[in-house]
Amino acid sequence: MNCGNILRIATIAALGIASMTSATLGQPKNSDKERFIGTWTLVSLTSGEGANQTLPYGPNPRGTMMVDANGRFSIMVMRSDLAKFVSNNRMSGTPDENKAVVQGSIAYFGTYSIDEATHVLTVNVEGSTFPNFVGGTQSSFDDNEVTYFNPTPSMGGSAKVTYRRAK
C-alpha cells in the first residue's frame, strides 16, 4: 500500500472517530462491532485513483452488505443495467450474457473482526463468485456510513467502496 493510501485511510479513520465521538456525547458508547451490525446499502464503488479512476459496476451500482453479531458478513454488488437473459434460463445464457453477469457482479461472504483500539475492520473471505478473492480490507465507519479501501479487488488495482445504513 502506498503512502497516499495510508494517508487516506488514516484521514478517514480520524474523521470516523471524530464523528463517532460527537454523535455519542452524553450517551453510553456502543462498541464499533455493535454499531457495525446491520444492513448497509451500496452508495458508490470506484476503482483506481485520479485520472485513472473508473466505475467498474457503472455509474449507479446496486449492492448490499449484511453484518451480523456473530462476526459474519455477506456482500453483493452488481451493475444496475444488467440485461435479462433472452432464454429466461440462467443455465442456457449466451457467452455474451454470461460474460456481462460475471463482469457486472460480485458476491462474497465470510467472517469479520474489528480492532476496537484502532477501529480497523478485517474480513476473511470464505467464498466468492470470484474464487481468487481473498484477503482483508480496512475501514472506518460511523453510525450511518462505512467506507473501505480494498487493495485487492476482483478487477485489479484498488477500490474504494461506500455503504450507507439501510433504512
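The side chains of T46 and Q53 make a polar contact at 3.5 Å. A polar contact is a pair of N or O atoms within 3.5 Å; within protein, one must be able to donate a hydrogen and the other to accept it, and residues adjacent in sequence count only if both atoms are side-chain atoms. T46 lies in strand β1. Beyond four places in sequence, T46 also touches T54, L55, P56, S158, A159 and K160. Contact here means heavy atoms within 4.5 Å.

This is a predicted model: local features need pLDDT of at least 70, side-chain atom pairs count only at pLDDT 80 or more, and totals for chains, interfaces and linings use all residues. Residues are numbered from 1 along each chain as its sequence is written, and side-chain values use heavy atoms, with hydrogens and water left out.

Strand β8 covers residues 159-165 and holds R164. Helices (H or I, at least four residues) and strands (E, at least two) are DSSP runs, numbered from the N terminus. The table gives burial: buried is under 20% relative accessible area, exposed over 50%, partly exposed in between (1.4 Å probe, protein chains only).

| Residue | Relative accessibility | Class |
|---|---|---|
| T46 | 13% | buried |
| T162 | 8% | buried |
| R164 | 40% | partly exposed |

The side chain of R164 makes a polar contact with that of E145, at 3.0 Å. R164 and N144 are 20 residues apart in sequence, yet their C-alpha atoms are 5.6 Å apart. Leaving aside neighbours within four places, R164 also contacts W40, T41 and V43.

Next, the core. The largest nonpolar core has 22 residues, and F36 and Y163 touch the most other members. Such a core is a set of buried Ala, Val, Leu, Ile, Met, Phe, Trp, Tyr and Cys residues joined through side-chain atoms within 4.5 Å. β4 gives the largest share, 4 residues.

The largest pocket holds about 480 Å³ of space. A pocket is an open set of points on a 1 Å grid over the protein atoms alone, where a 1.4 Å probe fits, with protein on both sides within 12 Å along at least five of seven lines; lining residues have an atom within 4 Å of a point. Of its 20 lining residues, V77, V101, V102, S105 and I106 lie nearest the centre. The lining divides into 13 nonpolar, 5 polar and 2 charged residues.

Conventions. Points joined across faces, edges and corners; volume = space filled by probe spheres on them. Nonpolar A, V, L, I, M, F, W, Y, C, P; charged D, E, K, R; others polar.
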